[in-house]
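Subject: Handing over a structure

Hello,

Here is the structure I promised to pass on to you. Please have a look at it first, and then read on for my notes.

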Amino acid sequence: GMERPLGQVMLEPTRIYVTAVLETLKAHPSAIHAMAHITGGGLVENLPRVLPDGLAPDVAWGSWPEPAIFGAVRRAGVDEVEMRRTFNLGIGFVFLVAADDAEAVKAGLEARGETVWSMGRVVEAAP
């Protein structure tokens, strides 16, 4: 796509997910086990917060297309650990969904105009 000035990208307003979230909860009340709005702290800090003790997120890094801005930040010298801890890397909201319901929830969100990626799973936490 057309490149935009960095300042324009940085000033882009935060997406508001409330309508899609409420409609999804209503449509699939038993499918949604947890939700996380990915803000400061990135996926690394925000996902574990919504999981019970003994469970951990297993994120399939690179399984979704990242906005170009994050490549620019890496090239400026920010290492991957810091990238994952600081930025959402293009994922603004995560639903943790029962595996059997994942396709239905995905289809419902896509019907509402959302872009959805399956980006990992929940596993037993390492002892």
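**A valine in a loop**

Val116 sits in the loop that runs between helix H6 (102-111) and strand S4 (120-124). Helices (H or I, at least four residues) and strands (E, at least two) are DSSP runs, numbered from the N terminus. Before going further, a word on the source: this is a predicted model, in which local features need pLDDT of at least 70 and side-chain atom pairs count only at pLDDT 80 or more, while totals for chains, interfaces and linings use all residues. Residues are numbered from 1 along each chain as its sequence is written, and side-chain values use heavy atoms, with hydrogens and water left out.

Is Val116 buried or exposed? Val116 is buried, because its relative accessible area is 18%; the term buried stands for under 20% relative accessible area, exposed for over 50%, and partly exposed for what is in between (1.4 Å probe, protein chains only). Not counting residues up to four places away in sequence, Val116 touches Lys106, Leu109 and Glu110, where touching, or contact, means heavy atoms within 4.5 Å. Val105 is 11 residues from Val116 in sequence, and the two are 9.5 Å apart in space, C-alpha to C-alpha.

Glu110 and Ala20 are 90 residues apart in sequence, yet 9.8 Å apart in space, C-alpha to C-alpha.

Ala20 brings us to helix H2 (residues 18-27), in which Ala20, Val21 and Thr24 are buried. Seen down the axis of H2, these buried residues fall within an arc of 100°, so they line one face of the helix; the arc is that of the directions from the helix axis to the C-beta atoms. The exposed residues Leu22 and Lys26 are on the face of H2 turned away from its buried side. And what covers the buried residues of H2? The cover includes strand S1 (32-37), S3 and H6.

**Asn46 and its contacts**

Asn46 is part of helix H3 (residues 42-49). With 5% relative accessibility, Asn46 counts as buried. Which backbone oxygen does the side chain of Asn46 reach at 2.7 Å? That backbone oxygen belongs to Gly42. The side chain of Asn46 also reaches the backbone oxygen of Thr39, at 3.4 Å. Both are polar contacts (a pair of N or O atoms within 3.5 Å; within protein, one must be able to donate a hydrogen and the other to accept it, and residues adjacent in sequence count only if both atoms are side-chain atoms). Leaving aside neighbours within four places in sequence, Asn46 is in contact with Ala36, His37, Ile38, Thr39, Gly40 and Gly41.

**Aromatic rings**

The structure holds 4 aromatic pairs. Rings of Phe, Tyr and Trp (its six-membered ring) pair if their centres lie within 6.5 Å; planes under 30 degrees apart count as stacked, over 60 as edge-to-face and the rest as tilted.

One of the pairs is formed by Trp61 and Trp64, which is tilted, at 6.0 Å centre to centre and 50° between the planes. Trp61 counts as partly exposed because its relative accessibility is 29%, whereas Trp64 is buried, with a relative accessible area of 4%.

Phe70 and Phe87 form another tilted pair, 5.7 Å centre to centre with 50° between the planes. Phe70 lies in helix H4 (residues 68-75) and Phe87 in the loop between helix H5 (80-86) and strand S3 (93-97), so this pair ties together parts that are 17 residues apart in sequence. Phe70 counts as buried at 9% relative accessibility, and Phe87 is partly exposed, with a relative accessible area of 27%. Tyr17, Phe93 and Phe95 form one aromatic cluster.

In H4, the buried residues include Ile69, Phe70, Gly71 and Val73. H4 is followed by Gly77, which has a positive phi, near 115°.

**The whole protein**

The protein has 6 helices and 4 strands, and along the sequence they follow the pattern α-α-β-α-β-α-α-β-α-β. Of its 127 residues, 29% are buried. Among contacts with a separation of 6 or more, 70% are between residues 24 or more positions apart.

Enjoy exploring it!
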